[in-house]
Amino acid sequence: MALCFIIVMFTGLALYWRSILGWMLPMFGGKDTAVDLHFWFGLGLGLFTLLMYCAWRAVARWTPVDTHFVRHLRQYAASPSQLPPPGTGFFNGGQKLYFWSVIMTMAVFVVTGVVWWYRKDVPHNVYAVCRTTHRILAVIMSGGLLVHIYKASIGEPGTLRSMIGGTVTREWARIRRPGWFRDLGNPD
């Protein structure tokens, strides 16, 4: 999924801002190849996002604890040592917010991207709205990726290791995800 996102992001940025980033197009085999890569890796990204949705939708259900977390997001984001609310589950409220924004945005990307690909078969005003929507969301999601990378590394110590290795320590789970820790049958 990460590889698809990176290829789609860089081909898209190079195609969109050719005057600034067009120098990257030869790295992708030129403009036409970059367009093809963007389309096919975009569909791949959509497929991986669908699989991610199927795998994580149950643990990404919204709870009152998540609402509390998001209402105090600035406090949690500004201080990596700040402990999450006691009922925080497998994902915290910020992660769930990002998860659902990725799911919804990818659905829009797939629809607008397919319309863009078949632009000669749709009314011009539909194509224009889809093109603009696609570009605006791409810039927003690229910024979201930077925040995601920050939070997965410096912003929440221990998270990057868990993303790569698939496990966390008992102590990390007890402190950073107390609700999930309890749900696994561990006492407080």
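Me: Which residues lie nearest the centre of the second largest pocket?
Reply: A pocket is an open set of points on a 1 Å grid over the protein atoms alone, where a 1.4 Å probe fits and protein lies on both sides within 12 Å along at least five of seven lines; lining residues have an atom within 4 Å of a point. Here 29 residues line the second largest pocket, and Gly12, Leu15, His38, Trp116 and His134 lie nearest its centre. The model is predicted, and local features need pLDDT of at least 70, side-chain atom pairs count only at pLDDT 80 or more, and totals for chains, interfaces and linings use all residues. Residues are numbered from 1 along each chain as its sequence is written, and side-chain values use heavy atoms, with hydrogens and water left out.

Me: What is the volume of the second largest pocket, and which elements supply its lining?
Reply: A volume is the space filled by probe spheres set on the grid points, which are joined across faces, edges and corners. For this pocket the value is about 760 Å³. At least two lining residues come from each of H1, H3, H6 and H7; helices are DSSP runs (H or I, at least four residues), numbered from the N terminus.

Me: How does the lining of the second largest pocket divide by class?
Reply: Ala, Val, Leu, Ile, Met, Phe, Trp, Tyr, Cys and Pro count as nonpolar, Asp, Glu, Lys and Arg as charged, and the others, Gly among them, as polar. The lining has 19 nonpolar, 6 polar and 4 charged residues.

Me: How many residues line the largest pocket?
Reply: The largest pocket has 45 lining residues, with Phe91, Gln95, Tyr98, His148 and Met163 nearest its centre. Its space is about 1400 Å³, and its lining holds 29 nonpolar, 12 polar and 4 charged residues.

Me: Is Lys96 buried or exposed?
Reply: Buried means under 20% relative accessible area, exposed over 50%, and partly exposed in between (1.4 Å probe, protein chains only). Lys96, in helix H6 (residues 93-117), has a relative accessible area of 5%, so Lys96 is buried.

Me: What does Lys96 touch?
Reply: Contact means heavy atoms within 4.5 Å. Leaving out residues up to four places away in sequence, Lys96 touches Val59, Ala60, Arg61, Trp62, Thr63, Asp66 and Phe91.

Me: Where is Arg177 found, and what does Arg177 touch?
Reply: Arg177 is in the loop between H9 and helix H10 (178-183). Arg177 is buried, at 1% relative accessible area. Its contacts, again not counting residues up to four places away in sequence, include Phe90, Phe91, Gln95 and Glu156.

Me: How many aromatic pairs does the structure hold?
Reply: Rings of Phe, Tyr and Trp (its six-membered ring) pair if their centres lie within 6.5 Å; planes under 30 degrees apart count as stacked, over 60 as edge-to-face and the rest as tilted. The structure holds 10 such pairs. The rings of Phe39 and Trp40 are edge-to-face because their planes lie at 85 degrees, with centres 5.0 Å apart. Phe39 is buried at 10% relative accessibility, whereas Trp40 is exposed at 55%.

Me: Which pair does Phe39 form with Trp117?
Reply: Phe39 and Trp117 are stacked, 4.0 Å centre to centre with 20 degrees between the planes. Phe39 lies in helix H3 (residues 31-56) and Trp117 in helix H6, so the pair ties together parts 78 residues apart in sequence.
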